[in-house]
Amino acid sequence: MPITIDDIRTARALLRGIIIDTPLLPDERLSQELNASVWIKAECTQRSGSFKIRGAYTMIRRLPPEARKRGVIAPSAGNHAQGVALAARLTGLPATIVMPERAPLTKIMATQRLGAEVILHGATFDDAQQYARRLEAERGMVYVPAFDHEDVITGQGTLGLEIAESLPDLGLVIVPIGGGGLISGIALAVKALLPRARIVGVQAAGCAPVPRSLAAGHPVAVAHAHTIADGIAVKRPGELTLSIIRQLVDDVVTVDDDAIARAIAHAVQYDHLVVEGAGAAGLAALLSGQVTPRPGETVCVPLCGGNIDSNLLTRVLEQVAVRQGRYLLLKSTLEDRPGNLAPLLTRVAESGANVIDIFHRRAVWLAPLDRVGIELVLEVRDEQHGQQVVQHLLDCGYHVEREGVGSWPE
């Protein structure tokens with residue numbers, strides 16, 4: 001291995017006073033459901049909102065004086081951008097960040113607030129990476145890779161060091177994979193201290209080049225990246241990171257966006273943490289059953305980023321609520337006379353449901369001219385309560401149809 005546990009310890013000393021030792025929190029609900037001891041490493045509370053400051057600062061801090069004068073440039077889908085921008089500010093260097101054109105506005109603005117110049121280019125991280133390389137040559141700046149560099153991996157490994165030292169009986173770590181820098185660093189640290197612990201990587205199904213690359217024996221790019229987990233939407237892993245993954249990571253699985261959305265909602269509801277899609281991928285693997293702990297096993301899931309756009313977070317929570325049966329969409333018709341809506345709403349209130357929205361539909365439904373179509377969006381406690389609400393309205397003589405409702409598998 002090109003990186004040793006002593007290298008990671010040296011990086012931790014370098015980062016002292018720069019990063020925070022993020023909280024390790026028990027997930028009581030998952031622990032009970034899975035018959036395991038599940039711990040959440042809340043790296044989403046780190047400075048700049050993700051683990052990226054660890055690797056970025058480690059590399060930038062080690063640059064020789066001549067290189068520092070030239071400033072730094074980096075490509076990023078968002079989190080590396082903020083890590084590099086913060087590290088550059090702390091070391092007094094100018095920074096330029098190239099981000100995909102559709103990068104979340106939250107991440108763009110946060111990077112600019114940290115003092116970096118932001119250039120939007122291309123549709124994906126890989127497009128931004130190519131353009132950053134071009135600007136590196138044109139401007140003579142120092143390129144700070146997002147993952148495929150020894151200093152970056154060493155810095156990310158400090159997270160694994162914290163996990164291994166805090167959980168000496170650790171049996172399983174589940175880590176999101178984009179380009180592979182984080183899982184490489186964590187695997188190096190954890191396997192050095194706890195060689196029997198299993199390391200499982202997780203990629204978004206909409207952008208999963210690592211399983212193909214492992215099968216091929218070299219980095220292989222996927223053609224498209226389509227996932228809400230923009231932080232791990234990297235179409236090709238690094239040469240160095242893939243080598244470390246091949247040697248130290250026990251398995252790599254994929255999760256779809258529905259599972260990632262459910263994990264984001266779980267983190268908000270049960271762990272009281274705001275997590276982005278990439279940061280929630282490991283949790284998604286547990287919730288979806290892609291990774292199953294052994295009975296009584298101690299499990300750690302790093303929630304490695306919390307930089308999610310507020311509008312996306314709102315949509316995710318609403319969609320998950322619908323899938324869990326927390327929101328009902330009911331359709332009915334009423335005689336089109338003044339006062340006829342009030343009794344229906346009274347019956348809804350009797351059932352304990354809360355009205356979110358009401359829509360009157362006439363021409364769209366082609367309802368009889370003496371009737372009006374009613375759409376109700378209702379908030380209920382759970383799927384069972386929703387069924388009780390529907391039955392109560394049926395018992396009261398209303399014809400109701402339920403639409404747009406799914407449920408998560410148990």
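## Strands, helices and two loop residues in a predicted model

Ser48 is found in the loop that connects S2 with helix H3 (52–61). The structure described here is a predicted model. Although Ser48 is not a glycine, its phi is positive, at about 70 degrees. Ser48 counts as buried because its relative accessibility is 14%, and the cut-off for a buried residue is under 20%.

A second residue with a positive phi is Asn35, which is also not a glycine; its phi is near 55 degrees. Asn35 belongs to the loop between helix H2 (28–34) and strand S2 (37–41). With a relative accessibility of 52%, Asn35 counts as exposed, since the cut-off for that class is over 50%. The table sets out the values for these two residues.

| Residue | Phi | Relative accessibility |
|---|---|---|
| Asn35 | near 55 degrees | 52%, exposed |
| Ser48 | about 70 degrees | 14%, buried |

The report now turns to the strands. Four strands form an open sheet in the order S5-S4-S3-S6, and their pairing is parallel. Its edges are strand S5 (117–120) and strand S6 (142–143), each of which pairs on one side only. Within this sheet, strand S3 (residues 72–75) and strand S4 (residues 95–99) run parallel and are joined by four bridges. Ala74 has Ile97 of S4 standing opposite.

Tyr143 takes part in a contact with a charged residue: Arg133 lies over the face of the Tyr143 ring, at 3.5 Å from the ring centre.

Another group of strands is arranged around S7. Strand S7 (residues 170–176) is mostly covered, with seven of its seven residues buried. S7 runs parallel to strand S8 (residues 198–204), and five bridges join the two. One of the residues involved is Val175, whose bridge partner in S8 is Gly201. S7 also runs parallel to strand S10 (residues 298–302), here with three bridges. In this pairing, Val173 has Cys300 of S10 as its bridge partner. In a regular strand, side chains alternate between the two faces of the sheet.

What kind of unit do S7, H9 and S8 make? Together, S7, helix H9 (residues 181–193) and S8 make a right-handed β-α-β unit. H9 has 13 residues and spans 19 Å from its first C-alpha to its last, close to the 18 Å expected at 1.5 Å a residue. Like S7, H9 is described as mostly covered: 11 of its 13 residues are buried. Among the buried residues of H9 are Gly181, Leu182, Ile183, Ile186 and Lys191.

Helix H16 (residues 383–395) also has 13 residues, and the distance from its first C-alpha to its last is 19 Å, close to the 18 Å expected at 1.5 Å a residue. Which residues of H16 are buried? In H16, the residues His385, Gly386, Val389, Val390 and Leu393 are buried. These residues lie on the same side of H16 because they cover an arc of only 145 degrees around the axis. An α-helix has 3.6 residues a turn, so residues three or four places apart point the same way. The face of H16 turned away from the buried side carries Gln384 and Asp395, both exposed.

Technical notes
Residues are numbered from 1 along each chain as its sequence is written. This is a predicted model: local features need pLDDT of at least 70, side-chain atom pairs count only at pLDDT 80 or more; totals for chains, interfaces and linings use all residues. Side-chain values use heavy atoms; hydrogens and water are left out. Buried means under 20% relative accessible area, exposed over 50%, partly exposed in between (1.4 Å probe, protein chains only). Two strands pair if DSSP finds at least two bridges between them. A crossover is right-handed if, with the strands pointing away from the viewer, the path from the first strand over the helix to the second runs clockwise. A charge sits over a ring if NZ of Lys or CZ of Arg is within 6 Å of the ring centre and within 35 degrees of the ring normal. The expected span of a helix is 1.5 Å times one less than its number of residues. The arc is that of the directions from the helix axis to the C-beta atoms.
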